[in-house]
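I opened my notebook to look up a few things in this structure. Here is what I wrote down, entry by entry.

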Amino acid sequence: MRALGRRGRKGVLSSLSINGGGWRSQRWKLLEQPAFGRRLRQLRQQQGRSQVELTGPGMSATYLSRLESGTRRPTERAVAYLAERLDIPVEDFEEQPHSCLENLAAMIAACPKTALNADMATALAGSLAAGQDEDSMTRWHALVQLARIHEVLGDFSRQYDALGQLRQLSDELDRPALQAGARVRMARCAHHLGDAPAVRQAAREVLALDERHEPRLGIPDILRTKLVLVAAEAELGNLAEAARIVQEVCASLDHREGSLAAEALWTAATVSTRQGNHSRASDYLMDALAAVDSRDDPILWTRLRLAAASLSMQAMPPRLAEAQSYLDSIEPLLRVTGPARHWHELLFLKAKLAFRNGDTGHAAELLAQAEAGVELLSYRDKVGVETLRGVLAIRAGDGSAGRRLEELVAQVRMAQMPDLEAEVWRTMAESGQ
């Protein structure tokens, strides 16, 4: 049967016309929409191929997209063409029964981030362990969803473990797009874990894959990879290189609207702040805030305002009223919805703001609330929590707090994050320690 997909278009068309068109009467109902489109997309993704890779004479990208979405009925010639391009028998277009792992991964993929929970992670991990004989692409999609749940839950260590399996699987499949996708995810997770060298290595591997293979990776994927690389270079103290890359990304944007533009402008604002150019950082930040609407991407909209509050407090001089305004704008939303991680980020920033305003008692109360979810925070924010706790302890007369802060600085230095180390020293100095 598998040889049918290798006969070439003429051979496949002949097989479609056997028995005086009998195939058409017996099999055509199996290719009715939306079943055909759903199966076509599944077969394409199982091979790790993009829609662009299946286009060619007689199959435009628009037509292929409509076939997969179920809005166009496939012709015999289209079926023959796609069977040839995918190197499969026509019969493979018949929808196959889904496995338990496939069904579970698909169900989780359809869930919004706010609905993901630890029970889903446990169920998916168990199904992965039990489904060792599943096809590689089914396991790929399941691992993507497992990593996604751990990210939302703030369990970055388990997320990194899942992504390690994903990278290994992508290398076995030898699909550049999958290899790049796994490494981009690993880079972002390593950033949360505070492993800047690992972030830089993964991002550089993605860019190298893009240079070596055809077709090239999509422009949005490459730009996001460069933004991850910017974050790593900035953490490693290479601010000039970080600024060069992020300016290159911003210059390549077709327009300054949408999630990608917001992420790029936000990154540019962060780099400018660390360079001490607070005026330029403010301009970038205003553009970032205007680039995305809360209805289009509520999580990014929230993250941008958390970042804006943080950058406002880092400005020289600090813009504390502005920071308060940003936090006030998102607090009602986070009280009723949104990832728990963002709620604890909000509490931490409120604690920092209270301390900056001289209200150490309220700062200590808010910090205690933030610490209840400290495992959800990124490495940088965890260091920030430890720093503020130490400064508050010194103010309260704890003689050992200074030593603990020095140990914290040593840990950050070991992580090769000079920019963060300088921020800890700066916080201590500004607090009169």
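**Entry 1: helix α8**

I started with helix α8, residues 136-153: at 1.5 Å a residue, its 18 residues should span 26 Å, and its end C-alpha atoms are 26 Å apart, which agrees. The expected span is 1.5 Å times one less than the number of residues. Helices here are DSSP runs (H or I, at least four residues), numbered from the N terminus.

A note on my source: this is a predicted model, where local features need pLDDT of at least 70 and side-chain atom pairs count only at pLDDT 80 or more, while totals for chains, interfaces and linings use all residues. Residues are numbered from 1 along each chain as its sequence is written, and side-chain values use heavy atoms, with hydrogens and water left out.

Buried means under 20% relative accessible area, exposed means over 50%, and partly exposed is in between (1.4 Å probe, protein chains only).

I then checked both ends. At the start of α8, a side-chain oxygen of D135 comes to within 3.1 Å of the backbone nitrogen of M137. Just after α8, G154 has a positive phi of about 80°.

**Entry 2: an aromatic pair**

I looked for paired rings of Phe, Tyr and Trp (its six-membered ring), with centres within 6.5 Å; planes under 30 degrees apart count as stacked, over 60 as edge-to-face and the rest as tilted. The count came to one aromatic pair. In this pair, F36 and F93 are tilted, at 5.1 Å centre to centre with 40° between the planes. The pair links distant parts of the chain, 57 residues apart: F36 is in helix α3 (residues 35-46), and F93 is in the loop between α5 (76-86) and α6 (100-109). I noted F36 as buried, at 0% relative accessible area, and F93 as buried, also at 0%.

**Entry 3: the nonpolar cores**

Next I looked up nonpolar cores, which are sets of buried Ala, Val, Leu, Ile, Met, Phe, Trp, Tyr and Cys residues joined through side-chain atoms within 4.5 Å. The largest has 46 residues, and L304 and L327 have the most contacts inside it. Among the helices that each supply at least two residues of this core are α12 (219-235) and α18 (340-356). Another core, of 28 residues, lies apart from it and includes C111 and M186.

How values were computed:
Polar contact = N/O pair within 3.5 Å; in protein donor to acceptor, adjacent residues only side chain to side chain.
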